[in-house]
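Here is a short report on a protein chain. Please keep the sequence and the structure at hand while reading.

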Amino acid sequence: MTTPSQLSAIVTIHDQDLLLQYEAENKFQTIGCPVTYMFVGKGPVDKVRAMDPVIIAREQADNIEDYKFLVDFTSWYACINNAVPLTEFVALIQYDVTVSESFSSATLSQLQTDPDAVLGYSPVPMADRNFIRDNMGYAPLREAVKKVYGFDIKPILRSHMASATDKNWPATNNVAMRRDTLSDFVRWFTPLGLAMGNSRPSGHAFERAIKLFCILTGRHNLYDREVLQHFQMNSHETQDFKKDTGRLHQLLARNSREP
């Protein structure tokens, strides 16, 4: 498969043994673009520090690793605020996904049609209760925006849900976008994340902020649910469920879909 030179993938991961499993199983060999692991958190890294496709976020000159509940945003922040080489388009994916062989070609093809858009892989209707009602993410995001930027997001989201053609939300933090869009988002969200502090719901607020950012900046959302499956491992235990990590880690390492 030809490697799309305009697209690369950043895989956020926090477990060095699982990372080694991925490499042993060649999990991302057929993804179709270069892959870099961004290792986040404070777990051991002695086995992977010297590996070429691995960047340790906490060892970067500019990092926010003390804010562990911001989860993947610590990875995005490290990418933008340090000398991390990024292609024109970047797929930002979590460790607990499987991807198809057409992932890169499909991603790049869609972004090239609308370069300023944000592509999501797990669309959920904004009317779903998990977007702005029965969840931990909406309230802290609303309060942070009021504090930092001085306006209320509730009427904006309600208006969008009522009148916009696109009523979906790119749920999960698995998205792809242009490098410059990522830089804009990181610059915009950083003060919001820091305002929320190291609080358990902040990662859920970050997830919802991606849609809010697109609405505020006039960027479109694109969706492709066919090329990525998210296992939602809940590794930070911010939700009320647990999964069989041993079995699912094997599926993840082999890039096999969850039954």
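A polar contact is a pair of N or O atoms within 3.5 Å; within protein, one must be able to donate a hydrogen and the other to accept it. The model is predicted.

Asn 82 sits in the loop between helix H2 (72–81) and strand E4 (89–94). Its relative accessibility is 15%. Buried means under 20%, so Asn 82 counts as buried.

The side chain of Asn 82 makes polar contacts with backbone oxygens. A polar atom of this side chain lies 2.7 Å from the backbone oxygen of Asp 62. The side chain also reaches the backbone oxygen of Ala 78, at 3.0 Å. Leaving out residues up to four places away in sequence, Asn 82 touches Gln 60, Ala 61 and Asp 62.

## Asn 198, between H7 and H8

Asn 198 lies in the loop between H7 and H8. Asn 198 is partly exposed, with a relative accessible area of 40%.

Asp 66 is 132 residues away along the chain, yet its C-alpha atom and that of Asn 198 are separated by 7.4 Å. A polar atom of the Asn 198 side chain lies 3.0 Å from the backbone nitrogen of Lys 68. The backbone nitrogen of Phe 69 is reached at 3.3 Å.

## Helix H5

Helix H5 covers residues 138–149, 12 residues in total. At 1.5 Å a residue, H5 should span 16 Å; its end C-alpha atoms are 16 Å apart, which agrees. Gly 150 follows H5, with a positive phi near 80°.

Which residues of H5 are buried? They are Tyr 138, Leu 141, Arg 142, Ala 144 and Val 145. Seen down the axis of H5, the buried residues fall within an arc of 165°, so they line one face of the helix. They pack against helix H4 (129–132), helix H6 (153–163), helix H7 (179–196) and helix H8 (202–217).

## Nonpolar cores

In soluble globular proteins, nonpolar side chains tend to be buried together. Here the largest nonpolar core has 46 residues. Met 38, Phe 73, Trp 76, Phe 185 and Phe 189 have the most contacts inside it. At least two residues of this core come from each of H2, E4, H4, H5, H6, strand E9 (175–178), H7 and H8.

Phe 189 touches Leu 70, Phe 73, Met 196, Phe 206 and Ala 209, leaving aside residues up to four places away in sequence. Another core, of 39 residues, lies apart from the largest one. Val 45, Leu 222, Val 227 and Leu 252 are among its members.

Key: Residues are numbered from 1 along each chain as its sequence is written. This is a predicted model: local features need pLDDT of at least 70, side-chain atom pairs count only at pLDDT 80 or more; totals for chains, interfaces and linings use all residues. Side-chain values use heavy atoms; hydrogens and water are left out. Helices (H or I, at least four residues) and strands (E, at least two) are DSSP runs, numbered from the N terminus. Buried means under 20% relative accessible area, exposed over 50%, partly exposed in between (1.4 Å probe, protein chains only). Contact means heavy atoms within 4.5 Å. The expected span of a helix is 1.5 Å times one less than its number of residues. The arc is that of the directions from the helix axis to the C-beta atoms. A nonpolar core is a set of buried Ala, Val, Leu, Ile, Met, Phe, Trp, Tyr and Cys residues joined through side-chain atoms within 4.5 Å.
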